[in-house]
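Subject: Structure handover

Hello,

Here is the structure I promised you. Please open it first, then read my notes below alongside it.

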Amino acid sequence: MARSVKALITPKVLKWAREKRIRLDIEFAAERLKIDPDRLEKWENGKEQPTFAQLKKIAKLYRTHLTIFYLPTAPKAFPPLNDYRVIPKSKKPDPDQEYNLKANIVEAHERRQRLIGIYELLEQPPPNVSLKVNINASHKIAAKQITKFLEFERENLPKTNDLYKTLKFWKQTIEAKGILVCHTSVNTHLSLELETVRGFCIAQKPFPVIVINQKDRSYGRVFTIIHELVHIALGKSIKQNTGYSDRRKPSLNETERFCNTVAGEVLVPENELLEIIDLKTLKDDIPKLSKHFQVSNEVILRRLLILKIIPQHKYYAYRKMSLQNYKVPKGDTKIRSFYYKRLLNTSGEYYARAAFNAYHENKFTLADLSAAFYNCDTKHLSEIQSEISA
């Protein structure tokens, strides 16, 4: 009997949640809810009401809480992200992957809002992210501004073959400046293929957010982090699936080329590269250069091509050789599938530390702390705390 009880929700909020929050077409939403689109439209215009059981399904699909549908007016919508992805014309976007991407974006927006709320509870002002670059500036000037903002010194890079440690270094360096760095959703049913997205960013302040695809290799994620950081410096929230290793035919737009070039200059500065390069032994030196700068062979080769140190035919020859000799580096072979580590990667260390600070200062209950990490079991909370305290 309870399943047939009508939910006396606000119709406009129901429509807002679909159109402005999760941004789903009515046909897709209706298909996922296993109802006719006309029926969903009637719920949204107030001609009919869903049952409470149906509303629970809607809340799950729209990635929100039931109570939001009872608000008298719709909350402020999440601003959309510019879509700078390159999708080959021969391949249609996967509707399920597009939904997963939208759900991941909603999670990132909510995590940012929750972090702002935590700082309010702690009565602390959020850090001032002053980074700003002009797209009309030279890539060298932009890279210097970013390097200065991060207070990055190459000698601080971890001298290790464990690429995960290099990735962690860059994440911590950027988060130290008040920019949240997260992995894609801990929920495996919301996983994203690299063809769908390598990363995206929310450039809003305070607490801009960078989200990287956990399916990417460690060096790939490092490049994406810096690429997204350039977008934040430009003040543009975007989603992208391209990188230096992308070999698809469609050309990148001006902004993407700028971000790629600046990211390359941050990771592999031209002056330093020219100091140590030896064209006579370059064929054998590429892996050494990769290890020195802690980037992939592809980034080194692209830098050499962009800087016109090698012609295009040599770039392709060296790249072919590099792929033939490729071995999965130590650190990328490790399957870091412990659930608490996935929770921490998805949330970001910065967010995790703030949540635990709120708990230890009695601003959060244990239930609040669990809710901050996808309502995880308390045993995972202790594991997360140990990890960030190590």
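N375 sits in the loop between α16 (366-372) and α17 (378-389). The model is predicted, so keep that in mind throughout. Phi of N375 is near 55°, a positive value in a residue other than glycine. Most residues other than glycine have a negative phi. Is N375 buried or exposed? Exposed residues have over 50% relative accessible area. N375 has 60%, so it counts as exposed.

Look for E123 in the loop between α5 and α6. E123 has 69% relative accessibility and therefore counts as exposed.

Now the sheet. Five strands form an open sheet, and the pairing is mixed. The order is β1-β5-β3-β4-β2. Which strands stand at the edges? They are β1 (82-83) and β2 (180-183). Each has a single partner strand, so one side of each is left without a neighbour in the sheet.

Next, follow β3. Strand β3 (residues 199-202) pairs with strand β5 (residues 238-240) in the antiparallel sense, over three bridges. G199 stands opposite Q240 in β5. β3 also pairs with β4, again antiparallel, over four bridges. There, F200 has V211 of β4 as its bridge partner. Both faces of β3 are covered. G199 and C201 are buried on one side, and F200 and I202 are buried on the other.

β3 and β4 form a hairpin, with six residues between them. F207 in the turn has a positive phi of about 55°. P206 is also found in the loop between β3 and β4. The peptide bond that joins K205 and P206 is cis, with omega at about 0°. Most peptide bonds are trans.

Then the core. The largest nonpolar core has 58 residues. Which of them touch the most other members? They are I146, W170, I174 and I210. Several elements supply at least two residues each, including α6 (139-150), α7 (163-175), β4 and α8 (218-234). α8 gives the most, with nine residues. A second, separate core has 37 residues. Among them are L81, F207, V211 and F364.

Beyond four places away in sequence, I210 touches I174, I179, L180, V181, C182, F200, C201, I225, E228, L229 and I232.

Last, a helix pair. Two packed helices are described by the angle between their axes and the distance between the axes. For α6 and α9, the angle is about 60° and the axes are 8 Å apart. On the α6 side, the contact is made by H139, K140, A142, A143, I146 and T147. On the α9 side, F258, T261, V262, E265 and V266 make it. I146 is also one of the core residues named above.

Best wishes

Notes:
Residues numbered from 1 in each chain as written. Predicted model: local features only at pLDDT ≥ 70, side-chain atom pairs only at ≥ 80, totals over all residues. Heavy atoms only, no water. Pairing = 2+ DSSP bridges. Core = buried A, V, L, I, M, F, W, Y, C linked by side-chain atoms within 4.5 Å. Buried < 20%, exposed > 50% of the residue type's maximum accessible area, 1.4 Å probe, protein only. Contact = heavy atoms within 4.5 Å. Axes fitted to C-alpha atoms, helices over the stretch in contact; angles between N-to-C directions.
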